[in-house]
Amino acid sequence: MSVLTRDEAQTRARLLDVHHYAIDLDLTRGDDTFDSRTAIRFTVRGDTDSTDTFVEVKPAELRAVTLDGQPLDPAALDENRLALKNLAPGEHELRVDAAMRYSRTGEGMHRFTDPADGETYVYTQLFLDDVQRVYAAFDQPDLKAVFDLTVTAPEGWTVLANGVTEDTGEGRWKAATTPLISTYLVAVAAGPWHSVRTEHRGLPFGIHCRRSLAPYLDADTDELFEVTRACFDRYHEKFDEPYPFDSYDQAFVPEFNAGAMENPGLVTFRDDFVFRSAVTDTQRQTRAMVIAHEMAHMWFGDLVTLRWWDDIWLNESFAEYMGYQTTAEATRFTDTWTDFGVTRKAWGYDADQRPSTHPVAPENVRDTASALLNFDGISYAKGASALRQLVAWLGEKDFLAGINTHFARHKFANASLADFIDSLAAATDRDVHAWAESWLRTTGVDTLVPSVTGDNGSRALTVRRTGERPHRIAVGLYDQSPGDEGRLTPRGRLDLDIPQTEPRPIGKLPALVVLNDGDLSYAKIRFDADSFRAVRESLSGLPDPLTRAVVWNALRDAVRDGELPAATYLDIARTHLPHETDLALVDGVLAFAAGQVADRYVTPERRPAALSTLAELCRDLIRRTEDGDHPGLRLIAVRHRIATAAHPDTIAAWLADGIVPGGPELDPELRWRILTRLAVLGAVDEDAIAAELAIDPSATGQEGAARCRAALPDAEAKARAWEAMFASDDLSNYLFTATAQGFWQPEQSDLVREYVPRYYPEAVALAARRGPAIADAAGRWAFPAHAVDADTLRLGQECLADADPIPALRRKLADQLDDLARALRVREANTD
């Protein structure tokens, strides 16, 4: 498929004004294809006699094309492009009649049949360049148009779209005409939905899910609507421009590749957010944040849309920042920035230290394939961190004033970084152009290192910075609490601009100096020697969870940089995590300790000791929560105790009894977790997996069974899983991921050794056949991450040099290989 280049898009935007799309979809044509008929009205600009351009479509069959009533040859379609030649200036109408393929990979029009009840659902995900899998289009974000959509659906289905839909009889549905939106934002979700509807501020609101999930959605309906209303109202307090669409539907859809998608008026979410099993309050907080994030997109992305994909940060960084900030302001989840610091920010730091790093706002994204690679921790987490720093530097009043100027200038149109900076500059005397150059056009993570000098009564603080980025940070000074050596008492917080002009007096020597306290900037921090001793002794005695998050991130970074031994990190976790109260911190530290430290950063010989430490830590947490007052903390401890089990006896007993002693009872999620770990340990067989699947035949159960079967320590099981992933092309995106998650296990390195060299050529071939979504899954989940050795690294480097993987896989492999090289360096540092 030909990808659209920036130059081509700019040329086409100069040539055309696109006014209107009439799209008619027929979803009753069978299991494999649907019919798509599109009429596009557009104007050719200019005074030349004729213009050549093209329209994009990727059909199973292109049946007929007419331009201004005259037929064009469907055979002239070249991959996904149909040339339109000799167009005279003025108005034209293009009509395209095609059969389009349903997807099983979450791209285009995804089709899913629910194994729980046999019901079928379809939905669109048209992001970036998947529009052409559903309808013919001039597919670029700056050719906005008005859309009219009609759909023919099977009897008993409901059709959802960007606007209010009307059932006109005989399976026909018509959606309200949209305002001007970009092609990739058109959305359809059709099936026998379970729907709950209400109204707020005169607008219809709805939430929708598969029928088999109805009881679980109903249980959370009040919370979902409460969060939605609270965020909606808060955005109307922040933004002068009112919500720009005629309704607000949220559909929880199956096998969704992203967390959610900001289609105007019809946000689609992965239906993992309809909780079938027990979850922690942090997971509920994450769901609330995603709701807030996607709602922010109604303004950042939908009302005002990027002109080209180099400004994706204008969508994602803003929605990320607004999602966390608005959730904290408007809902009961007031500690969202702690979760951001533990999970999302680490994602940004990691991405920004790889060779594939890029500026938050890169200056030239050459084509759509390159653009897809930038949806990463930099565009989301680093960009949101930069905006949080901007607010700290600029002040929220001027920040919001600039945003509202931006909306007023560019509503229902497109904008660039330069446009946004000009809007900000109109609201402040500060040099936001210089700020943008230093924060948005550069790469890498600065490191801030403190130095305390002077005698005990008149100490001074100096902060050394690597990098050139300016920072406005808070510095926390902490003293040991008298009579309680485990407690740290805040002495005060200093506001500090980096680079410093002179040392900052701080009085007597504090026990602990925390740079970037409050986490308002984006930088790695280090500790002076006295402060590190306080961290080892008293980390859990810090009173604020966000401060503790900053400290834990600093320790994480030091491990990754080979400056802090992995064993020391585990000792600090073993000492302080049993006393931690913030769920996001507990989960984040345990995830890093198990998934990176135990699985990759320690040698295989030291891994059992690392797992034993983590298992003991989890047992401490389980004992601490026996009173039933901390169910979320107990659930986290139980999950990680399962994952770190080196022997099957304890967790097998839990499974047999259907309960963890003292609770919780085992719901489907915990049962599949235990069964997967037992499969890794060779303590279950196919009969046990099949029996569990009979109890839970849901889509989640199918994924659990696939994960378990791939995890069995049996040569035939591994061969079947490999065949399913790399040869059959039958697995959906979710079943592929589940199989890949089960396949590679550190405990089974000898059994799967032969597959490591096979992975690279077969992943390249798979990605070429099945496209970017499966390529991403193959690079992320099917990579042999456990094989931390020079041969794995060498084979991967040869693959990148010689095999020409498609861009989506190339980027994933490059990142995985950089992480593997880092793990080798960390191991070497830990053996010194």
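**Entry 1: before starting.** I note that this is a predicted model, and I keep that in mind for every entry.

**Entry 2: α4 against α7.** I remind myself that two packed helices are described by the angle between their axes and the distance between the axes. I looked up helix α4 (residues 313-330) and helix α7 (residues 378-394), and found that they pack at an angle of about 65°, with their axes 8 Å apart. Since angles of 65 to 115 degrees count as roughly perpendicular, α4 and α7 are therefore roughly perpendicular to each other. The crossing in which α4 passes α7 is right-handed. On the α4 side I listed W313, E316, S317, F318, E320 and Y321, which meet S379, Y380, G383, A384, L387, R388 and V391 in α7. Sorted by class, the contact of α4 with α7 has seven nonpolar, three polar and three charged residues.

**Entry 3: α5 against α7.** I then turned to helix α5 (residues 336-352), which packs with α7 at an angle of about 120°, the axes being 8 Å apart. The two helices, α5 and α7, are therefore oblique to each other. Here the crossing of α5 past α7 is left-handed. The contact is made by residues of α5 including W337, F340 and R344, and by residues of α7 including I378, Y380 and R388. By class I wrote down eight nonpolar, two polar and five charged residues for the contact of α5 with α7.

**Entry 4: α7 against α10.** How far apart are the axes of α7 and helix α10? I found 11 Å between the axes, and α7 and α10 (residues 432-440) pack at an angle of about 150°. That angle makes α7 roughly antiparallel to α10. The crossing of α7 past α10 is right-handed. In α7, the residues A386, Q389, L390, W393 and L394 meet V432, W435, W439 and L440 in α10. The residues of this contact of α7 with α10 divide into eight nonpolar, one polar and no charged.

**Entry 5: an open sheet.** Next I traced four strands that form an open sheet in the order β8-β9-β14-β11, with antiparallel pairing. Strands β8 (108-113) and β11 (158-161) stand at the edges with a single partner strand each, so one side of each is left without a neighbour in the sheet. Neighbouring strands of this sheet are turned by 10° against each other on average, direction ignored. Looking at one pair, I found four bridges joining β11 to strand β14 (residues 188-191), and V159 stands opposite A190 in β14.

**Entry 6: G259.** Last, I looked up G259, which is found in the loop between β17 (248-253) and β18 (260-261). At 33% relative accessibility, G259 counts as partly exposed. Leaving aside neighbours within four places in sequence, G259 is in contact with F269, R270 and F273. I also noted that G259 and R639 are 380 residues apart in sequence and 22 Å apart in space, C-alpha to C-alpha.

Conventions:
Residues are numbered from 1 along each chain as its sequence is written. This is a predicted model: local features need pLDDT of at least 70, side-chain atom pairs count only at pLDDT 80 or more; totals for chains, interfaces and linings use all residues. Side-chain values use heavy atoms; hydrogens and water are left out. Axes are lines fitted to C-alpha atoms, for helices over the stretch in contact, and angles run from 0 to 180 degrees between N-to-C directions. Angles under 35 degrees count as roughly parallel, over 145 as roughly antiparallel, 65 to 115 as roughly perpendicular and the rest as oblique. A crossing is left-handed if the near helix is turned anticlockwise from the far one by less than a right angle, and right-handed if clockwise. Contact means heavy atoms within 4.5 Å. Ala, Val, Leu, Ile, Met, Phe, Trp, Tyr, Cys and Pro count as nonpolar, Asp, Glu, Lys and Arg as charged, and the others, Gly among them, as polar. Two strands pair if DSSP finds at least two bridges between them. Buried means under 20% relative accessible area, exposed over 50%, partly exposed in between (1.4 Å probe, protein chains only).
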